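I opened this notebook to keep track of what I looked up, entry by entry, in a structure that was new to me.

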Amino acid sequence: MADHSLSRGARTEPRWVRWILTTVALLFLALFLVVPLAAVFSQALDKGVAVYFAALHETDALSSIRLTLLTALVAVPLNLVFGVVAAWAIAKFSFPGKSFLITLIDLPFSVSPVVSGLIYVLIFGLQGWLGPWLTEHGVKILFAVPGIILATIFVTFPFVARELIPLMEAQGKDEEEAALVLGATGLQTFFRVTFPNIRWGIIYGVILCNARAMGEFGAVSVVSGHIRGSTNTIPLQVEILYNEYNYAAAFAVASLLALLAVVTLIVKSVVEWKLKQA
Amino acid sequence: MIVRIISTVALLLALAVPALAVDVTLLNVSYDPTRELYADLNSAFTAQVKKKGTNVTIKQSHGGSGKQARSVIDGLEADVVTLALAYDIDAIAEKGLIKADWQKRLPHNSSPYTSTIVFLVRKGNPKKIKDWNDLVKPGIAVITPNPKTSGGARWNYLAAWGYALRQPGGTEAKAKEFVKLLYKNVPVLDSGARGSTNTFVQRGQGDVLLAWENEAYLAINELGPDKYDIVTPPVSILAEPPVAVVDKVVDRRGTRALAEEYLKFLYSEEGQRIAAKHYYRPIDKKIPIKLSKLKLFTIDELFGGWTKAQKTHFADGGQFDQIYGAGK
């Protein structure tokens, strides 16, 4: 996060330069964010409110909403626990292989989502390492809900940890050391001292993680199998509806993701503001 | 409005509780343009077996034919596959999931319906496209998907090749030259048939779309007869999209009897009528169809079957790679 105390004193540009820069920035925002967002909603409501709600009520759409919620419900808490633990270990302790661990956490950011999906095809596919054994024992992972959740966990893996590491590093370990000296146990230190300090950071990470978990297309598309009413998440359902010339319904379902984005942005701004206050 | 929102929420909650029914489910893994066809066929079949006391739910998965075959090979548990061309089912059979003799198990090379490749043009046919040789004229933009990934695109390609080959004095070399000229007129290669249709109709690109006959009629019905015309060329290719039971899957799941009944249903009078309704050409000649007559050649006649055609034309370094690489 930028240090905003800098921007205060250093205002040497003439007023018109500032105005032009602000206008350009706002125009850019309007062109690339507001207009598309408005387009989604206007297309979704193109055929009226009744069609809009009918599209969301449709069995396959409901199933995709359910699957998306379930996926986020499993992936986000797991990544939350992992993220907090990893950030805690990295920020408060030094151990060999620390920078390697940081690199590993960043891996899903640098790998294309399609590749992230293919990894699971290679591991769990019928022609892959574990596929034949799993099939023999009747365990379904690929082209089923577990595969979708696994792929989602993979792509959303860094969000919480990445958010917390700089925050915890900046806070240092003085307070924890003081707590330990005063006789607190490890867990007490974490919940009474560390956690209150990183609360807003955690929420911020969870919001980002959740947005990506619900919106992921590429990796999930590879492992989904696209079975209607079973393995399509909201983004996949949008693509299907669009390809069936069902534009109003496609945008109606897409508007759910757009709404999620708007809510995410609002909560994010609130949290950022809180973070600055903290 | 508020009532609607509340009922949406209530429904969501109700659906969050998993269903208790223990019906038999079949998974049909199919290619792109059959979505509407199988939606109809499945409800007819479900109603039929319900009379006999079986509750069956048929689930569908659609996508590019080659990609779908790949998913089945990787473990997508399809009880039946209904793909765009025999080669894709052969690829599954090669991995041992389907017995090698699959194409002989059902009548007509296991193809319950056939189709062909026609032209979709803008209303009034402003570029006067009537036959295949109009497609290679300068200034005509042709939309067709990528034959490397799309089954329909391979039929398009072979139809053009076959047309040139059957012209008086036609040779393989002349056919190649013809197809090369055609692909020079292709501004964009989408990965699947639906993608190409969307490029043509939604994004307004191109003068002519090479399309499955059923896909062309569907586009007209869905998007307005006032915008497009269908041009049926005098000659085209007989496309036989085949179906097969995936032996390994049905034997493991114990669904063989039902899966076989399902495929036989495609050949029944009702199944054939539904195919005709969706602008496929039924093999039962008693069913009336609304489609134009044309001369059809087969892949066996001109290309020696799919395995050979695939190897010569679409394998890496094959004719298509030479044509498209050189055409750029």
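## Where the chains meet

I began with the contacts between the two chains, and I found that 27 residues of chain A are in contact with 36 residues of chain B. I note here that I am working from a predicted model, and I read every value below with that in mind.

I then looked up the extent of this interface. The size of an interface is often given as the accessible area lost when the parts come together. For chain A and chain B the buried area is about 2800 Å², and carbon and sulfur atoms give 61% of this area.

Next I turned to the charged pairs across the interface, where the count between chain A and chain B is 2 salt bridges. One of the pairs I looked up is Lys140(A) with Glu77(B), whose closest N and O atoms are 3.1 Å apart. I also looked for polar contacts, and the rule finds 13 residue pairs across the interface of chain A and chain B, with both residues at pLDDT 80 or more.

Which helices of chain A each supply at least two residues of the side that touches chain B? I wrote down helix 3 (49-57), helix 4 (59-92) and helix 13 (234-243) of chain A. The largest share of that side comes from helix 3 of chain A, with 4 residues. Sorted by class, the side of chain A that touches chain B has 14 nonpolar, 9 polar and 4 charged residues.

## Chain A by itself

I counted the secondary structure of chain A and recorded 14 helices and 0 strands. For its overall extent, I noted that the C-alpha atoms of chain A fill a box of roughly 65 × 60 × 30 Å, taken along the principal axes.

## Sheets of chain B

In chain B I looked up an open sheet of 4 strands, which has the order 2-1-3-10 and mixed pairing. Its edge strands are strand 2 (56-63) and strand 10 (243-245) of chain B, each of which pairs on one side only. On average, neighbouring strands of this sheet are turned by 20° against each other, direction ignored.

I followed one pairing in detail: strand 3 (residues 80-82) and strand 10 of chain B pair in the antiparallel sense over 3 bridges. Within chain B, Val80(B) stands opposite Val245(B) in strand 10.

What packs on this sheet? Helix 2 (residues 35-51) of chain B does, touching strand 1 (24-31), strand 2, strand 3 and strand 10 of chain B, and its direction makes about 170° with that of strand 2 of chain B. Helix 11 (residues 256-267) of chain B lies across strand 1, strand 2, strand 3 and strand 10 of chain B, and runs at about 165° to strand 10 of chain B.

I also found 4 strands of chain B in an open sheet with the order 6-7-5-8, where the pairing is mixed. Here the edge strands are strand 6 (142-143) and strand 8 (228-231) of chain B. Strand 5 (residues 117-122) and strand 8 of chain B pair in the antiparallel sense over 4 bridges, and Arg122(B) stands opposite Tyr228(B) in strand 8 of chain B.

Over all chains the salt bridge count comes to 28. I looked up Arg194(B) and Glu36(B), whose side chains meet at 3.3 Å, N to O. This pair links distant parts of the chain, with Arg194(B) in helix 8 (residues 193-201) and Glu36(B) in helix 2 of chain B, 158 residues apart.

Technical notes. Residues numbered from 1 in each chain as written. Chains lettered and ligands numbered in written order. Predicted model: local features only at pLDDT ≥ 70, side-chain atom pairs only at ≥ 80, totals over all residues. Heavy atoms only, no water. Contact = heavy atoms within 4.5 Å. Buried area = accessible area lost by both parts, 1.4 Å probe. Salt bridge = Lys/Arg side-chain N within 4 Å of Asp/Glu carboxyl O. Polar contact = N/O pair within 3.5 Å; in protein donor to acceptor, adjacent residues only side chain to side chain. Nonpolar A, V, L, I, M, F, W, Y, C, P; charged D, E, K, R; others polar. Pairing = 2+ DSSP bridges. Axes fitted to C-alpha atoms, helices over the stretch in contact; angles between N-to-C directions.
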